[in-house]
Amino acid sequence: MYTIPDHYATLGVPASASRDEIRDAYRRLARANHPDSHGDSSAARMAAINAAWNALSDPGRRAMYDASRRSTSAGQASAAGPSSPTPRAAPVVPTPVPATPGRFPWRFLLVIATIGITFVIVNAALAEPDPIVPPDNLLEPGSCVSIEDNGDAREVVCNGVNEGVVKAFIALDATCPVGTERHRDRQGMGIACVIIGTSG
């Protein structure tokens, strides 16, 4: 029977982990298990780490993965239940009650909407700008890059001088999307498909 791999266990994070916690765990494990540093013996482990990152980094894919985990758990629980059928009581037929039209709570919804809008406006006015995060040299879509003399892409701070933005990060033998330039990752982990001339 096929079992769904536990991507959370692979990355060493709980199922309630935030995207930042998942990203930090992936980066730590990618550095510790990269085949360039540890040889072919770590290739299988690195493949499992990449599969976990691929499933959990995108909110849509993560929701689908979580749903499939829940359905698998529910299926296993029902399969483990009693095998002999339990006797059923005769169904009770309720007496029909005449339906009365309900009233929609317009006032309540208006109050909630006003509170929500006020909260968003006040929060936006009081929020401090995000601090500048230094590059970590792990390219991913949205990373700002500078192109080196040998053609390799190097991650740089997005509010500084950069030559483009990574649209996709693909395997060495894959093809970049139309409108992007193909540049090798400086660490040799793949190919960055760069939109040239875009500032972050």
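Strand S1 (residues 144–147) is joined to S2 by three bridges, and the two run antiparallel. Strands here, like helices, are DSSP runs numbered from the N terminus (E, at least two residues, for strands; H or I, at least four, for helices), and two strands count as paired if DSSP finds at least two bridges between them. Within this pair, Val 145 has Glu 155 of S2 as its bridge partner.

All of this comes from a predicted model, in which local features need pLDDT of at least 70 and side-chain atom pairs count only at pLDDT 80 or more, while totals for chains, interfaces and linings use all residues. Residues are numbered from 1 along each chain as its sequence is written, and side-chain values use heavy atoms, with hydrogens and water left out.

Zooming out, S1 and S2 belong to an open sheet of five strands, ordered S2-S1-S3-S5-S4, with antiparallel pairing. At the edges sit strand S2 (153–155) and strand S4 (181–184), each of which pairs on one side only. On average, neighbouring strands of the sheet are turned by 50° against each other, direction ignored; the axes behind that angle are lines fitted to C-alpha atoms (for helices over the stretch in contact), and angles run from 0 to 180 degrees between N-to-C directions.

Over at S4, four bridges link this strand to strand S5 (residues 191–196) in the antiparallel sense, and Arg 182 is partnered by Cys 193 of S5. S4 and S5 make a hairpin with six residues between them, and Gly 188 in the turn has a positive phi of about 75°.

As for confidence, the chain averages a pLDDT (the predictor's confidence in each residue, from 0 to 100) of 80, and 78% of the residues score at least 70.
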